[in-house]
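Subject: Model handover

Hi,

Here is the structure I promised to pass on. Have a look at it first, and then read on for my notes.

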Amino acid sequence: MLVVKNLHASVAGKEILKGIDLRVKPGEVHAIMGPNGSGKSTLASVLAGSEKFTVTQGEVTFLGRDLLTLPIEDRARMGLFLGFQYPVEIPGVTMANFMKIAVNEHRKYRGEEPLTAGEFLRLMREKSAIVELDPKLTSRAVNEGFSGGEKKKNEIFQMAMLQPKLAILDETDSGLDIDALRIVATGVTRLHTADNATVVITHYQRLLDYIVPDYVHVLYKGRIIYSGDKSLALKLEKEGYDWLINDYREEER
Amino acid sequence: MANDTKNIIEEIESGEYKYGFSSKIETETIARGLSEEVVRLISQKKGEPEWLLESRLKAYRHWLKMPLPQWAHLDIPDIDFQDIIYYAAPKTRKKLASMDEVDPELKRTFDKLGIPLEEQMALSGVAVDAVMDSVSVKTTFRETLAEKGIIFCSISEAVKEYPELVRKYLGSVVPYTDNFYAALNAAVFSDGSFCYIPKGVRCPMELSTYFRINAEGTGQFERTLIVADEGSYVSYLEGCTAPRRDENQLHAAVVEIVVERDAEVKYSTVQNWYPGDKEGRGGIYNFVTKRGLCRENARLSWTQVETGSAITWKYPSCVLLGDNSSGEFYSVAMTNNFQQADTGTKMIHLGRNTRSRIVSKGISAGRSQNAYRGLVKVSRNADNARNYSQCDSLLIGDKCGAHTFPVIDCHNPSAVLEHEATTSKISEDQLFYCNQRGLSTEEAVGLIVNGYAREVLSKLPMEFAVEAQKLLSISLEGSVG
Amino acid sequence: MTVDGLITAAAAVPLPSDGRLTGGVYVWNGGDRELTVPEGARASLLLLHAEEHKAEIGIEIGRGAELSVVELFTSAADAVLHLTQDEASLCRMTALVLSSARVHHTIDLVQRDARFDLGGAFVLSGDDRADWKIDVNHRSSDCSSRSVVKGVASGSAYGRFGGLVYVAPDAQRTDSQQTSRNVTIGRDARVETAPQLEIYADDVKCSHGATVGQIDGEAIMYMRQRGLTETQARRLQIEGFVGDAVMHSAVESVAEPLARIVAEKLETI
């Protein structure tokens with residue numbers, strides 16, 4: 001579904017990603033872990049098409065198409081969803097209005113008719129239940145005045161609305177209390193099927209208690225230095241990154 | 001109290017001192033009033049080249065056609081421009097034999113300001129040379145600068161020694177057509193400072209007018225020209241925190257700064273001219289035009305602490321001509337009794353990716369009026385311009401006024417400009433809290449005001465900042481019951 | 001753009017000949033007028049400038065009276081509105097300038113506890129020229145005022161906003177807020193804003209803010225990530241930007257037709 005080969009990317013002349021290789025198949029859950037500043041969020045942004053970063057080398061195919069040449073919105077419509085680490089506030093634009101346009105753009109891309117107002121409202125109600133999102137929030141401006149937890153729930157709600165093929169969740173667990181974490185994580189798990197895939201970017205094992213990964217990758221200084229199964233996350237939780245980083249340093253020499 | 005001090009200084013300076021008078025020094029003045037003849041006479045007395053006389057005359061002729069600016073939020077008494085003496089040769093400072101002859105009140109103010117003894121003597125007119133080898137200080141200072149190729153001298157001297165530099169830059173940032181007072185200054189300027197930092201040179205010390213040779217007696221129409229050549233850096237200090245009395249009521253100075261590519265200039269001012277007495281009599285009218293021109297990647301930062309003068313009319317500005325250039329303006333303006341201030345800045349964004357920042361803190365007490373006036377202008381081609389302005393007013397007492405007159409004029413869609421303003425007063429709760437912890441009300445007000453102004457004070461060079469803090473407290477004396 | 005929909009939606013009636021607004025919704029039909037809202041009355045007023053004209057309107061709002069005003073400019077007009085508010089009166093106002101116009105609002109809060117609340121916007125396109133001045137004079141103590149004006153200029157339009165909050169000596173405990181937020185779209189558009197404060201009393205809470213900015217790039221990126229085109233994202237954002245004033249229209253019944261008129265204007269951007 002997603003094939004990343006030797007991806008290099010930089011911002012303001014500084015190279016952040018230094019050759020990423022990653023392969024995600026339908027039905028899989030991948031976790032990307034790593035210390036601060038290792039390039040995790042950059043990877044997510046680059047895949048989504050953020051214009052802040054420049055891809056200097058490498059290739060990415062998504063569902064067989066060259067992802068890097070596509071504009072942000074086409075990547076989204078193809079089914080690539082980015083759950084933002086810091087969801088953006090859009091004053092004056094209601095969630096309902098925003099989502100209606102988004103859903104119908106996705107449908108148009110797939111050659112489907114737009115939803116009627118009634119259908120759309122039903123869909124909203126149904127999906128907001130998945131993350132226990134207060135339906136009242138959908139009449140408020142996008143993310144404006146939302147609490148940290150509400151913002152993250154709102155991301156998963158939008159994911160449910162748009163039903164992506166590949167969801168990249170950038171630190172969706174940060175800033176959440178235990179209850180919100182459970183709700184968000186359960187929501188993600190419920191949305192998971194054999195046809196779609198999830199890439200979870202996180203610092204902590206605790207999210208992976210709910211969203212059980214098939215693969216765990218460690219990103220360090222812009223490269224994936226180690227990959228393993230879910231037991232790797234447990235080991236990292238217990239022992240930290242030092243042992244890996246030290247090994248890596250030795251290799252570098 | 002501070003005003004009494006200033007009256008004392010006035011007495012000290014105005015009385016013809018019987019010991020220090022030297023007949024050799026020129027005391028010659030010309031007749032009152034302004035005419036082409038007077039302009040020619042000034043130029044002739046200063047032995048200026050033809051081109052400078054021409055430029056003075058052009059300015060004079062233009063000035064005649066200009067109306068007096070009326071837009072400021074100031075109540076300016078009619079000034080009779082024909083009743084001013086436009087040329088007076090530098091006068092002798094009246095020398096006192098020792099510090100004992102200085103009035104104790106004045107000494108107290110100096111002590112409060114923490115001004116070193118030598119400096120106190122210099123400022124109060126004690127014959128410094130007798131107690132301290134100031135000449136050698138100045139000489140060492142000059143030698144260090146000369147090694148680096150830095151020129152720092154009076155503008156008259158510069159006209160003689162470096163005519164090509166002066167001719168190239170004088171009037172290039174503030175042309176005589178700019179405004180009424182700039183035209184007047186261009187016609188009759190007496191003297192001032194000239195400073196040139198060569199390419200790539202970092203000036204190793206703060207350049208202070210206090211140390212400049214011939215710094216005294218620059219008169220009421222001061223002209224300053226600072227040129228920071230490519231990639232150079234200088235921090236320039238104007239004025240000093242000690243009270244200053246001058247018999248000329250009208251001051252119309254011009255400061256021009258040229259910041260060439262990759263250069264940086266920090267210009268700090270502490271202005272403490274005589275503000276008039278408690279009833280609003282007397283005091284200096286200070287009408288200053290200050291402007292800097294920034295080329296590519298250049299940076300110019302204005303920092304001012306304005307506590308003096310009866311009327312202040314002053315807008316240190318930045319013309320951000322070069323791409324990626326930036327301008328800053330940090331100001332504390334305090335007015336007390338019947339003082340009036342209308343001060344602020346203009347940030348003119350012309351180049352791409354230009355940045356500016358304005359932090360203005362007004363403090364009004366007594367029956368004073370204090371206005372911030374600012375312009376942020378983004379021209380059509382100034383892509384990605386950024387400005388942030390913060391203008392705060394603090395009112396002490398209910399008889400004063402605090403005003404904010406910003407204008408944002410944006411001609412480019414990629415600009416991001418923000419202006420915020422707040423008005424506050426010192427609350428009873430704050431005073432009570434401080435009193436309860438043992439501070440006097442005066443101390444508490446000083447403390448609160450300094451806290452309020454901290455963001456600006458912190459931009460001043462260290463030694464200056466400490467003095468400026470004390471100055472704020474002293475200027476407020478008597479403003480709270 | 002037709003404004004008849006507003007009159008119908010609000011079931012507005014023409015102004016009475018004596019100029020006394022005693023209750024209900026009125027619609028002004030042009031010309032210079034002196035109006036009063038008697039003590040304790042509650043009334044609404046539509047000021048619709050749909051044709052080129054000059055007009056001066058004076059309104060006195062009596063003690064404890066409430067007036068809601070919706071003013072709409074869809075045609076080049078030169079209008080002066082002078083409100084005088086008595087003790088504990090309230091004026092809520094929505095003002096939308098969607099065409100070239102010269103507008104001067106003067107609000108005099110002459111007795112204590114008067115309140116003035118304005119939400120407004122100008123949306124300019126083509127070669128529209130709008131100059132909008134709002135003077136709020138706090139002449140008595142304990143009054144409050146709030147004005148929020150959003151500006152959008154596109155094409156080669158030029159919008160100018162001049163706000164002044166004046167606080168007279170002894171107008172203690174004034175609470176005043178003034179906000180001017182603007183967006184320019186395109187190379188030839190220009191916005192000038194001058195939010196001013198003139199304060200002669202010390203126990204006051206006065207603040208103002210002004211911004212000129214571009215459309216938030218992060219938000220555009222966010223919306224595109226959810227599948228919107230850049231154009232959609234931009235339009236949505238501008239709609240949201242000026243939408244506040246419409247959504248909280250001082251006369252609730254006209255919010256919907258007002259929104260339609262604004263949307264129509266936004267199409268021209």
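This is a predicted model: local features need pLDDT of at least 70, side-chain atom pairs count only at pLDDT 80 or more; totals for chains, interfaces and linings use all residues.

Start with helix α1 of chain A, where the buried residues are K40(A), T42(A), L43(A), A44(A), S45(A), V46(A), L47(A) and A48(A). That makes eight of the nine residues of this helix (residues 40–48), so α1(A) is largely enclosed by the rest of the structure.

What does α1(A) lie across? The helix sits across β1 (2–11), β2 and β4 of chain A, and runs at about 75° to β2(A). Those strands belong to an open sheet of four, in the order β2-β1-β4-β5 (chain A), with antiparallel pairing. At its edges stand β2 (14–24) and β5 (65–66) of chain A; each has a single partner strand, so one side of each is left without a neighbour in the sheet. The link between β4 (residues 54–62) and β5(A) consists of two bridges, and the two strands run antiparallel. If you want to find that spot on screen, look for F62(A), whose bridge partner in β5(A) is R65(A).

Chain A has another open sheet, this one of six strands in the order β6-β9-β10-β3-β11-β12 (chain A), and here the pairing is mixed. The edges are taken by β6 (80–83) and β12 (223–228) of chain A, each of which pairs on one side only. From one strand to the next, the twist averages 20°. At the β12(A) end, five bridges connect β11 (residues 215–220) to β12(A) in the antiparallel sense, and L219(A) is found opposite I224(A) of β12(A).

Stepping back to chain A overall, I get eight helices and twelve strands. The radius of gyration is 18 Å, which agrees with the value near 18 Å that a compact globule of 253 residues would have. The C-alpha atoms fill a box of roughly 65 × 40 × 35 Å along the principal axes, and 44% of the 253 residues count as buried. Of the chain A contacts with a separation of 6 or more, 69% come from residues 24 or more positions apart.

On to chain B, where I looked at one strand in particular. How many residues of strand β10 (residues 299–306) of chain B are buried? Eight of the eight are, so the strand is largely enclosed by the rest of the structure. Both of its faces are covered: one side carries R299(B), S301(B), T303(B) and V305(B), and the other carries L300(B), W302(B), Q304(B) and E306(B), all of them buried. β10(B) is joined to β8 (residues 264–271) of chain B by eight bridges, with the strands running parallel; there, V265(B) has L300(B) as its bridge partner. β10(B) also pairs in the parallel sense with β13 (residues 326–335) of chain B, over eight bridges, and R299(B) has S326(B) as its bridge partner in β13(B).

Chain C contains four helices and 16 strands. Its mean pLDDT is 94, and 100% of its residues reach 70 or more. Confidence within the chain is lowest in helix α3 (residues 230–247), at a mean of 87, and highest in strand β9 (residues 101–109), at 98. As for overall form, chain C has a radius of gyration of 18 Å, in agreement with the value near 18 Å for a compact globule of 269 residues. Its C-alpha trace spans about 55 × 45 × 30 Å along the principal axes, and buried residues make up 54% of the 269. Among chain C contacts between residues at least 6 apart in sequence, 73% join residues at least 24 apart.

Is G126(C) buried or exposed? It counts as exposed, because G126(C) has 12 C-beta neighbours inside 10 Å and the cut-off for exposed is 12 or fewer. Leaving aside neighbours within four places in sequence, G126(C) is in contact with G155(C), A157(C) and T268(C). Between G126(C) and D78(C) there are 19 Å in space, C-alpha to C-alpha, with the two 48 residues apart in sequence.

Cheers

Methods. Residues are numbered from 1 along each chain as its sequence is written. Chains are lettered from A and ligands numbered from 1 in the order in which they are written. A residue is buried if 20 or more other C-beta atoms lie within 10 Å of its own, exposed if 12 or fewer, and partly exposed in between; C-beta atoms are placed from the backbone. pLDDT is the predictor's confidence in each residue, from 0 to 100. Two residues are in contact if their C-beta atoms, placed from the backbone, lie within 7 Å. Two strands pair if DSSP finds at least two bridges between them. Axes are lines fitted to C-alpha atoms, for helices over the stretch in contact, and angles run from 0 to 180 degrees between N-to-C directions. The radius of gyration is taken over C-alpha atoms; the globule rule is 2.2 Å times the number of residues to the power 0.38.
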